[in-house]
Amino acid sequence: MQKVSEQLFLGLNDRINQRVYGDLIFNVKAFGAAGNGIADDTQAINAAAMAAMANGGGVVKLPPGIYNVSGSITAITKSGVYFEGSGPFATIIRHKSDTANLFQFGDVSLGGIGVIRGGGVSNLSIHHNTSRSGGVTVLMQNAQNIKVKDVQFQNAITFAQCGGDTDESSIFTVLEDVIGSLTGNGIGVDIRGGSNGIHLLNLQFNNEYNGTAVRIDTTAKGMDTLYMDNCLFQRFMFGMLCTGSLGTVQNAFLTNVVFDGIEVFSLLFQPSASAIYTRFNFVSCWFTSRSNAAVVIDGPSTAIVDGIYFSDSRWVTVYKQGVLVISQYVKNIDLDNCILSNCSMEGSAMYPAIQIVDNTKKFNITNSKIGEEGATISLQSYAIRIGVNCDLYTIANNDLIGNVTGAISDGAGTYTKKLIKDNLGYNPVGNLATPTLPASGTALKNPFSTPVQVFIHVGTVTSIAKNGSNISGMTSGQMILYPGETITVSYTAAPTWSWFGL
């Protein structure tokens, strides 16, 4: 079910298109298109598009068939031209050029804001050559209310580009129900400066561990308002890259977005020069990385990264850190009600789930589960590792049980404006010193004055007993020992264990 704001926006977009198009239909077959998969239909499609522009807009209709296009479809420089097929399985455009753009709405040379008002592409499939090496499938510059809906594509390099930094605007662009595969270093959606009100809804893009699903790259102008919902991006080199050197990039809202099987970073903030990234919200998202940290937040002293919020999100199968903040100049990073349970897959205890660099200020981690989950054994060294001289932060109400080395490593320093409280698995006085594992079959009493969580993994364990009674079927995992209770581990190869105060 669509959200109210989404319904209002899309309804406005459709009304604008309906008002512009009227009942003008320009059937490409009336202009000589064969649609038989043999003839070159470029000239006929262009003739229909030119007629639509000359008549003040209209629908360029592509009936069922296979249409060969050898170069670019003529640039649409008038409002209200919409290319409509008869369904993704009925209307197929075979794009024969390895480098040419296919559809272009707007013209940078015209200047002005919103030269094109209304238009788009819908209900068709686009098959690029397997040798494609450049070009954009749908390019939108100086264009408002452009909608791409119910489209499938193959072998794109860049599927959609919004804005271009040198143009005035790409406003109220909608990509909805688009499915496709990219090739090489392709970019699913390339958002440039001057883009405002970008809606990405129900997208499914994939690549073979190359390219980038979504890139925001501003070099002259900023971006305002990006809305992404219910999107799946699989097997890319990068999930979402937020780069650029100038302009303010603000107000991004991502809900139910999955970055699955990402090779390097699911999410990277790395602006340069004087770019500003602020008010990014990630709700119910999924982050992975096969070779690095899943989410990396960076930026020089001249740039600003302020206000990155994660809630109800999950990190799984992450090679290194789940979240890595590597610049002290970022601030207001918040995680709430998140799960990080499968980080540090490179090796046991090599990386924490969350790592904050020295001197970072203003961050909060609350109501989250960071550690072992169910039968999954955590390999994270710490749940949270904080650098030296960090300040103005809160770590509260988290479940931090089941990390290999400890729950929180709180860096030294003179700053004291911080709050660490009510974290399960963390003793506020300090992490407990894990006792030496005794010889096989030897009982060890909990010597501490607080309950402890004992976490046992690897090795070859034959049995585990609590207070002298074997726990049926248990050879690894965790248990709670209250003061004075005993644990007995029998083994043929010594396991690793860790103790945490509760």
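Predicted model: local features only at pLDDT ≥ 70, side-chain atom pairs only at ≥ 80, totals over all residues.
Tutor: Residues are numbered from 1 along each chain as its sequence is written, and side-chain values use heavy atoms, with hydrogens and water left out.

Student: Why does Cys162 count as buried?

Tutor: Buried means under 20% relative accessible area, exposed over 50%, and partly exposed in between (1.4 Å probe, protein chains only). Cys162 has 0% relative accessibility, so Cys162 counts as buried. Cys343, at 1%, therefore counts as buried too.

Student: What is the nearest side chain of opposite charge to Asp217, and how far away is it?

Tutor: That is Arg215, 4.1 Å away. Lys and Arg count as positive, Asp and Glu as negative, with His and the chain ends not counted. A salt bridge needs a side-chain nitrogen of Lys or Arg within 4 Å of a carboxyl oxygen of Asp or Glu, and buried Asp217 has none.

Student: What makes the link between the side chains of Asp217 and Thr243 a polar contact?

Tutor: A polar contact is a pair of N or O atoms within 3.5 Å; within protein, one must be able to donate a hydrogen and the other to accept it, and residues adjacent in sequence count only if both atoms are side-chain atoms. The Asp217 and Thr243 side chains are joined at 3.4 Å. Asp217's side chain also reaches the backbone nitrogen of Gly244, at 3.5 Å.
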